[in-house]
Amino acid sequence: MMGPWFVPGTILSGMPSIIISVFGLVVLLIGVILYMMTKLYIKTPSNKAYVRTGMGGKKVIIDGGTIFIPMFHEKMEILLETMKIEVLRAGSDSLLTKDMLRADVKAEFYIKVAKDADSVIAAATSLGDKGINPESVKGLVEEKLVSSLRSVAAQSDLEELNSNRQAFAERVQA
């Protein structure tokens, strides 16, 4: 880029030095842009979404990509996979039924973040920088799930819970 100004009598001495310098500058700019695109561009895999915050506001990236500049942006990764959360209530923690008997219950809950921008933002907001994984989600919602199990079990007899498990599951889900 600066060679034509300092090295006289080069092969390109017939061309004006300014044109050669401008060509060198253009090549340098294209190189910098290509470097930035390869190093700063993030793509989301099909089972994840990203929420990018910072300069330019909040942006949800699902099935695509965006420029991420660490100095100006924060990135949160959201898993879009189905997560299984197991809740076990047995022994002294068992559920108390309507007829004052204790029921040992093992329940499995399946939780998934929907693949839309509003759901991804809600998941990112509620979990913060803890990350979305089964352990952090379980820590957040386990007490709500146990409370739901307790309230439904308290409305039914032990025999009713045992004989009509589908209705029990539907009422807990509701």
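User: On a 1 Å grid over the protein atoms alone, a pocket is an open set of points with protein on both sides within 12 Å along at least five of seven lines. What is the volume of the second largest pocket?

Analyst: The model is predicted, so local features need pLDDT of at least 70 and side-chain atom pairs count only at pLDDT 80 or more, while totals for chains, interfaces and linings use all residues. Residues are numbered from 1 along each chain as its sequence is written, and side-chain values use heavy atoms, without hydrogens and water. A volume is the space filled by probe spheres set on the grid points, which are joined across faces, edges and corners. For the second largest pocket, this volume is about 280 Å³.

User: Which elements give two or more residues to the lining of the second largest pocket?

Analyst: Lining residues have an atom within 4 Å of a point. There are 13 of them here, and Ile 111, Ser 126, Val 137, Leu 140 and Val 141 lie nearest the centre of this second largest pocket. Helices (H or I, at least four residues) and strands (E, at least two) are DSSP runs, numbered from the N terminus. The elements that give two or more residues are helix 3 (117-127) and helix 4 (134-153).

User: How many residues of the lining of the second largest pocket are nonpolar?

Analyst: Ala, Val, Leu, Ile, Met, Phe, Trp, Tyr, Cys and Pro count as nonpolar, Asp, Glu, Lys and Arg as charged, and the others, Gly among them, as polar. In this lining one residue is polar and two are charged, and the nonpolar residues number 10.

User: Which element gives the most to the lining of the largest pocket?

Analyst: The largest pocket has a volume of about 490 Å³. Of its 17 lining residues, Val 105, Ala 107, Leu 149, Phe 168 and Ala 169 are the closest to the centre. Strand 9 (105-111), helix 5 and helix 6 each give two or more residues. With six residues, the element that gives the most is strand 9.

User: Where does the largest share of the lining of the largest cavity come from?

Analyst: A cavity is a set of grid points where a 1.4 Å probe fits but cannot get out, and the structure holds one of 30 Å³ or more. The lining of this largest cavity consists of Ser 156, Glu 160, Leu 161, Asn 164, Ala 167, Phe 168 and Arg 171. Helix 5 (158-163) and helix 6 (165-173) are the elements that give two or more residues. The largest share, three residues, comes from helix 6.

User: Is Ser 94 buried or exposed?

Analyst: Ser 94 lies in the loop between strand 6 (83-89) and strand 7 (95-96). Buried means under 20% relative accessible area, exposed over 50%, and partly exposed in between (1.4 Å probe, protein chains only). Because its relative accessibility is 6%, Ser 94 counts as buried.

User: Which residue in strand 3 is the bridge partner of Tyr 50?

Analyst: Strands pair if DSSP finds at least two bridges between them. Strand 2 (residues 48-54) pairs antiparallel with strand 5 (residues 73-79) over seven bridges, where Tyr 50 stands opposite Glu 77. Strand 2 is also joined by four bridges to strand 3 (residues 59-62), again in the antiparallel sense. In strand 3, the partner of Tyr 50 is Ile 61.
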